[in-house]
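Reader: I have a model open on my screen. Please show me how to read it, feature by feature.

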Amino acid sequence: MLIEKYKVQEANDGATAEHKRRFEFAASTINNVEGVLQKLQDFQIAIPSWALGAGGTRFGRFSIGGEPSNLEEKIEDVGLLHALNRSSGAISLHIPWDIPENATSIKALAAQHGLRFDAVNSNTFQDQKGQEQSYKFGSLQHTNKAVRKQAIEHNIEVIKQGVELGSDSLTVWLADGSSFPGQLNFRKAFQNTLESLKEIYAALPDNWKMFVEYKAFEPNFYSMTVGDWGQSLLYASKLGEKAFTLVDLGHHLPNANIEQIVSLLLMEGKLGGFHFNDSKYGDDDLTVGSINPYQLFLIFNELVEGMDAKGMNHATDLGWMIDASHNIKDPLEDLLQSVEAIKIAYAQALLVDTKALAAAREENDVVKAQEILQEAYRNDVRPLVAEARLRAGGALQPLEFYRQNRVRESLIKQRGLQTVATGL
Ligand code: PSV
Ligand code: MN
Ligand code: MN
């Protein structure tokens, strides 16, 4: 175990006086601080197994060293994050990048780190070694039934593996689509995809959910068969009550109003979960909150208001996952930053004066409505997030702790400098 409790305690002790001062100031203006702190403690964000190594672009990849090379090491890395921030209590696997050979021992290892298994992800966007049919022209949409069958069977196999691990959801992201006009009959592609999804849906255990993730472009650049929330919602509605839309923040066309999408999906009871990241141009998969933290806050504002209106549990009723990975940061530092950004946005959203906002809206007081939102957003909630983390047994300053204790150097010593983690 790389993160020793007594060291965290020692580091926290050194930073407590300053933290107390900042926390008391932040808390002094808030009603129901205890309620907010409890919500922050309960809120867990799943870490994608594919984000634990340096990502890379199609132009190159620069190893960071000490990256996990198997599922056990990935679980250890997420355990390490969770020990520091007490908010990363789940891991999301991508199969077959991850191969849970022995579910019992994998489960035991995860439990040792206080982790559970979040949504399992299938992969029909790459051809695997020895695979009979190719996904070059799509998977669930394919004109050839044999290709569709292979992709359906893979998804069913992923569900089975997920069941063994105690996961309770499947995320289906399809690269299916077309790159040139004329290539596809849109309706046929949709129908084939729907029929295939129905077969996968039929294999879901009763307590499972299926998340249908949409993406506007890439790798196909003319049409995507699950290209936007409308299409995803169509599939999810036709499939049934266990199917939901998954929103990956980077999967929209520029300037899309994601918070409005979130609000309406919630209203329809069809919002399933998130892949958090940030972007400036496309599916950039940048650190959450690094480009547009105000948008993230506005999304959380819709989530909190919409979930409260339906009496939903913030922590458990939707799937909260990160989907970010790139080339130049230490992935663990990046993930610590992402989790922190999510918690900050969530905390700010919890501080919105919803009654006053509703009244301002009734009166069409546009200025007041904007002021109310920005009042919450401009709050420095970092001491609240830190206090919640402290109470949960985490580090007051996770990133500083990680650096001062030279965690990456220890991982490099253990695993080597030239490491490649599986994933994109
Ligand atoms: C596709 O861009 C995506 O966002 C999907 O969630 C995939 O499963 C993931 O990235 C894989 O990198
Ligand atoms: Mn995604
Ligand atoms: Mn993506």
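Author: Residues are numbered from 1 along each chain as its sequence is written, while chains are lettered from A and ligands numbered from 1 in the order in which they are written.

Reader: What is the mean pLDDT of the protein chain?

Author: First the term: pLDDT is the predictor's confidence in each residue, from 0 to 100. Where pLDDT is low, the predicted coordinates should not be read in detail. Here the protein chain has a mean of 97, and 99% of its residues reach 70 or more. The model also scores ipTM 0.99 and pTM 0.97.

Reader: How does the radius of gyration of the protein chain fit a compact globule?

Author: The radius is taken over C-alpha atoms, and the globule rule is 2.2 Å times the number of residues to the power 0.38. For 424 residues the rule gives a value near 22 Å; the protein chain has 22 Å, so the two agree. Its C-alpha atoms fill a box of roughly 65 × 60 × 40 Å along the principal axes.

Reader: How many helices and strands does the protein chain have?

Author: Both are DSSP runs, numbered from the N terminus: helices are H or I with at least four residues, strands E with at least two. The protein chain has 15 helices and 12 strands.

Reader: Which residues of α12 are buried?

Author: Count neighbours. A residue is buried if 20 or more other C-beta atoms lie within 10 Å of its own, exposed if 12 or fewer, and partly exposed in between, with C-beta atoms placed from the backbone. In α12 (residues 366-377), the buried ones are I372, L373, A376 and Y377. They lie on the same side of α12, because they cover an arc of only 135° around the axis (directions from the helix axis to the C-beta atoms). The face turned away from that side carries exposed V367, Q370 and Q374.

Reader: What covers the buried residues of α6?

Author: Look for contacts: two residues whose C-beta atoms, placed from the backbone, lie within 7 Å. The buried residues of α6 include A189, N192 and Y201. Their cover includes α5, β8, α7 and β10.

Reader: Where does UniProt list the domain?

Author: An unreviewed UniProt entry lists "domain: Xylose isomerase-like TIM barrel" at residues 100-285. In the model, this span is 37% helix and 17% strand.

Conventions
This is a predicted model: local features need pLDDT of at least 70, side-chain atom pairs count only at pLDDT 80 or more; totals for chains, interfaces and linings use all residues. UniProt positions are given in the numbering used here, feature names are shortened, and annotations may be inferred rather than shown by experiment.
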